Amino acid sequence: CAEGDDRQAGSALCPHCKKACINVAVPASSDLKCPCCGSAVDLKQLQKRVKEAELLVKRGCSLRDQGVLKEAVECLQRALLIQQQTYPDQHIDTGYTHDCLANVLCSLGDWSMAAKHSSQSLSCVQSAFGKHGVQTANEHFKLCQLLFNSGDGGEFLKAASAGLPVMKQTLGSSHDDCLQLTDMMKAVLAATDRSKP
């Protein structure tokens, strides 16, 4: 497989060699062979898993919108498990599910777990769109907000130091998100200074 092709939206892992060589967006064929290892692949089964994950994400988001948050987390976690077994690391669909989980966990007040999923979402977005796109800047800001709310000043400052330059370059230094993140950094640094003996 060509380098970088394994993160395309349609690529899935071969169940035999675990390389991202299978295009699940094509019509199912009874004699499909993995182009990487030559093993026979049940494309219908792979497509069924992809569809199941999509439906679980959709249901999880619907439950979130209805305020049924714990059930939403369960649906999204089940979808994520299927995606992690079906797609290569940092696949954009997996990133979307991480982002949805971060959103629901934030609503439940679990800032730390929300930040972990947001960090995973950021990695997927960077892989799909590059390190300096608008999507990446937005993901940086979401992660920083979660870390700020979690009260983990050290992790927040590390994420903000990495994210703010990307946000300024992409959005412009006078953008509201950049100004808000700068203020958050100042507040955390001031609190850190006050806590020193």
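Helix 4, helix 5 and helix 6 each supply at least two residues of the lining of the largest pocket, helices here being DSSP runs of H or I with at least four residues, and strands runs of E with at least two, numbered from the N terminus. This is a predicted model, in which local features need pLDDT of at least 70 and side-chain atom pairs count only at pLDDT 80 or more, while totals for chains, interfaces and linings use all residues. Residues are numbered from 1 along each chain as its sequence is written, and side-chain values use heavy atoms, with hydrogens and water left out.

**Pockets**

- A pocket is an open set of points on a 1 Å grid over the protein atoms alone where a 1.4 Å probe fits, with protein on both sides within 12 Å along at least five of seven lines, and its lining residues have an atom within 4 Å of a point.
- The largest pocket holds about 220 Å³ of space, and of the 14 residues that line it, Ser119, Leu143, Leu147, Glu155 and Ala159 are the closest to its centre.
- Helix 4 gives the most to this lining, with five residues, and the lining as a whole divides into six nonpolar, four polar and four charged residues.
- The second largest pocket has a volume of about 170 Å³, and its lining includes Arg64, Asp99, Lys142 and Asn149.

- Leaving aside residues up to four places away in sequence, Phe156 touches Cys144, Leu147, Phe148, Leu181, Met184, Met185 and Val188, where contact means heavy atoms within 4.5 Å.

**Helix 1**

- The 23 residues of helix 1 should span 33 Å at 1.5 Å a residue, which agrees with its end C-alpha atoms being 33 Å apart; the expected span is 1.5 Å times one less than the number of residues.
- Among the buried residues of helix 1 are Leu43, Val50, Gly60 and Leu63, buried meaning under 20% relative accessible area with a 1.4 Å probe and protein chains only.
- What covers these buried residues includes strand 1 (11-13), strand 2 (20-23), helix 2 and helix 3.

Methods
Points joined across faces, edges and corners; volume = space filled by probe spheres on them. Nonpolar A, V, L, I, M, F, W, Y, C, P; charged D, E, K, R; others polar. Buried < 20%, exposed > 50% of the residue type's maximum accessible area, 1.4 Å probe, protein only.
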